[in-house]
Amino acid sequence: MDKVLFGAMPYVLIFTAIVGAIWRYRGNKYTWSSQSSQFLENKTLFFGSFPWHYGIITILLGHIFGIFFPSAILAWNGVPVRLYILELTALSFGFLALFGLLALIYRRLTNSRVKALTSSWDVLILIVLLIQVVTGVLNATMYRWGSNWYAGAAVPWIWSILKLNPNVDYVASLPLITKVHIFNALIFIGFIPFSRLAHFVVLNPYKYLVRPYQVVRWYKRTPQTENIVQYK
Amino acid sequence: MDIRAQLSMSFHMDKCIGCHTCSVSCKNVWTSRRGAEYMWWNNVETKPGAGYPLTWEDQERYRGGWEVSGGSLRLKLLKGPGKIRTLANIFFQPNLPTVDDYYEPFTYDYQNLFNAPAGDDQPVARPKSLITGEFMEKIVLGPNWDDDMGGSPLYASNDPNLKGLSESQKEMLTKFHKLFFFYLPRICNHCLNPACVASCPSGAIYKRGEDGIVLIDQDTCRAWRFCVSACPYKKPYYNWANGKSEKCIFCYPRTETGQPNACAHACTGRIRFVGALFYDADRIEDVAKTPDDRLVEAMREIVLDPNDQRVVEEARKAGIDENWIRAAQQSPAYNLFKKWRIAMPNHPEFRTVPMNFYIPPLSPILHNAKAENGGTFDPESTEFFNEIDKMRIPIRFLANMLSAGNEQVVLESLKKQMAVRIYIRQKRVGDIGDSKAKSVLSSVGLTPQDAEDIYRLTSLGTFQERFVIPETHREHMTTVDPRTMYEKRGSVGFGQKKKEFLGRTW
């Protein structure tokens, strides 16, 4: 069972995500959107969107940092005070994300305009995200110290997957909640290109910081150039 | 010098009767789709009035446009030193208008009129929301909700252009015999320094180099909604169903083939003029930074004289086609805005350097003068020039709306319009005196030929005189693949045909 869930499924879902993203980007770019609903309701959204995004982005960056620098985390955690600081910070961002997510779900259930625009994909990803955040917070509170064994057990497993040599032993002995957290993360990756989650893989906003304000497109000057009014 | 061409529309406000034919033709062509029902790329507002969306001119509320801070130009939206502050608001935008600032799109339950069972009462068609599909208790806002409500304390008194008027002056606006109102038709200004383009994190919005039309690349838009917040005119609209922003496209499929825009073509009052302008793109930033009182003048300076041989040579060097040069030389936009100086931009103080121009209306002034003089005032007399300086309220209002508060710019235009009327009246009726009519004309800086031309264009202008639109050389185009034109017929607005897959439309 573990072999299927943590040995084979990662490849299936990552493959789905990549192929799906290419398919959607090439075939139907028009639908690639964050599908913002702030235009319809913006009071509850404030309490949902801000905490959710800032919470989850911090947590996600922490996870990604751990994948690349597991030893740095272990070294940091060598001193108990530093371990507590890391765990507490991570947990509070986790709660921030959870609070935001619950506010967003509440908004989607109660606001008739937002509800009318909710697709089944939206429901599905909200469920997946809720499972992910709840199991994450439970992991952090029930099985201490998560940052340590994330670096010690989960990261080697991730690398074994990425190196195309899956070693299920790393995760086989983890508690059920942690396993749910990991498998659910894989499902999440698989869903990205098919839902509004696609909005977070676009790299465009980061370009904004370096480009000049104005964008001019010419259709006649060949090769086609982006001729720009030069000031920032 | 970096010469570029720009298509520009001008509006003769005195001639606008507020019939909304322009809005309806625009809606029928472009926005009769789900998610776009509430959008009016072209709309006509009653002024004084709250406008659409409500109080859009109030940039303390919406923070649209630009401001000069420490000698440099920056988006008002940013509030801080850099673009990073903008991106920090990507998840929630404090200044975004919501659908309630426009109106909730609705239809009526017409079927009930046919299907209601027999009863004592007449069946009614209840309003139904087009967003939720549920019945609406009450319609509280709709398109042109404050139409013709010029003196209304509910709407007119909320007009942001009334700033600078004292309370007693505002009070006068509601007095019946002094009440005035007029119409402000609005489309996207296709600015030289567009705030929507500058705010888009995706880089989806762009200005076309060849004709200056500002467009949103529908495939690149990711619904970050910054354009809606940043545009001080609130002319990009958010399509809540598709999750894309859309805006007035200056009917580019029509102008590319030399046809006027749907709104301009449909205009029953013939108040609209479309033409090409040449401008110097190197000077955009300087113009946008000009202090309020000289803004309109700076905008007139950036527009280049297409009859100047040096300008023509530079234009040829810049690759502008001969038909565009010819069109610019006959451009009504150039004549109205720069040559005769009777048209001016809408809210230049937003510093986006808008490229649509308005001829301010004489009617509020004349109406006021009549009221002051017990109804016996003959407008087409030289008395007008003594009276006009007393008309503080309408002049202040027009200056707030059209010249960043510079009353001289508005006065110049109004006096010129009246001088033309007097000159033509002398020609047709002959009761003013030839020398008097000519001296009035020269006192406002017009020659008899100018007066004839203004009269010709604004009163008798033919289709070809009002719309001088050069065709675009589509054979050089790289953005539109003519081979896919046929496939794209019948698709929903712009964007691709919707596909059904995995139980949802993509």
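The legends below describe close-up views of a predicted model.

Local features are reported where pLDDT is at least 70 and side-chain atom pairs count only at pLDDT 80 or more, whereas totals for chains, interfaces and linings use all residues. Residues are numbered from 1 along each chain as its sequence is written, and chains are lettered from A and ligands numbered from 1 in the order in which they are written.

**View 1. The contact between chain A and chain B.** The contact involves 44 residues of chain A and 50 residues of chain B, two residues being in contact if their C-beta atoms, placed from the backbone, lie within 7 Å. On the side of chain B that touches chain A, at least two residues each come from helix H3 (83-88), helix H7 (195-199), strand S8 (205-208) and helix H11 (284-289) of chain B, where helices (H or I, at least four residues) and strands (E, at least two) are DSSP runs numbered from the N terminus. S8(B) gives the largest share of that side, four residues. Sorted by class, the side of chain B that touches chain A holds 22 nonpolar, 16 polar and twelve charged residues; here Ala, Val, Leu, Ile, Met, Phe, Trp, Tyr, Cys and Pro count as nonpolar, Asp, Glu, Lys and Arg as charged, and the others, Gly among them, as polar.

**View 2. Strand pairing between the chains.** Strand S1 (residues 216-217) of chain A runs parallel to S8(B) and is joined to it by two bridges, strands being paired if DSSP finds at least two bridges between them. Arg217(A) has Arg208(B) as its bridge partner in S8(B).

**View 3. The open sheet of chain B.** Five strands of chain B form an open sheet in the order S13-S12-S1-S15-S14, with mixed pairing. Strand S13 (303-304) and strand S14 (344-345) of chain B stand at the edges with a single partner strand each, so one side of each is left without a neighbour in the sheet. Nine bridges connect S1(B) and S12(B) in the antiparallel sense, with Leu7(B) opposite Ala276(B) in S12(B). Strand S12 (residues 272-280) of chain B also pairs with S13(B) in the antiparallel sense, over two bridges; Tyr279(B) stands opposite Val303(B), and Phe278(B) opposite Leu304(B). Eight of the nine residues of S12(B) are buried, so this strand is largely enclosed by the rest of the structure; a residue is buried if 20 or more other C-beta atoms lie within 10 Å of its own, exposed if 12 or fewer, and partly exposed in between, with C-beta atoms placed from the backbone.

**View 4. Nonpolar cores.** A nonpolar core is a set of buried Ala, Val, Leu, Ile, Met, Phe, Trp, Tyr and Cys residues joined through C-beta atoms within 7 Å. The largest nonpolar core has 147 residues, and those with the most contacts inside it are Cys196(B), Ile205(B), Ala230(B), Leu336(B) and Ala419(B). Helix H19 (residues 407-428) of chain B contributes the largest share of this core, nine residues. Neighbours within four places in sequence aside, Ala230(B) is in contact with residues including Gly64(B), Leu75(B), Leu77(B) and Cys196(B). A second, separate core of twelve residues includes Ile59(A), Ala90(A), Phe93(A) and Leu98(A).

**View 5. Helix H16 of chain B and its packing partners.** Within helix H16 (residues 363-372) of chain B, the buried residues include Pro364(B), Ile365(B), Leu366(B) and His367(B). The buried residues of H16(B) pack against strand S7 (182-186), helix H17 (383-387), helix H18 (392-402) and H19 of chain B. Gly374(B), which follows H16(B), has a positive phi near 65°.

**View 6. Cis peptide bonds in two loops.** Arg144(A) and Trp145(A) are joined by a cis peptide bond with omega about -5°, and Trp145(A) belongs to the loop between helix H6 (120-142) and helix H7 (146-162) of chain A. Another cis peptide bond, with omega about -10°, joins Tyr52(B) and Pro53(B); Pro53(B) belongs to the loop between strand S2 (43-47) and helix H2 (59-62) of chain B.

**View 7. Positive phi values at residues other than glycine.** His20(B) has a positive phi near 65° and is found in the loop between strand S1 (3-12) and helix H1 (21-31) of chain B. With 19 C-beta neighbours inside 10 Å, His20(B) counts as partly exposed. Val353(B), with a positive phi of about 50°, lies in the loop between S14 and strand S15 (356-359) of chain B, and counts as buried with 24 C-beta neighbours inside 10 Å.
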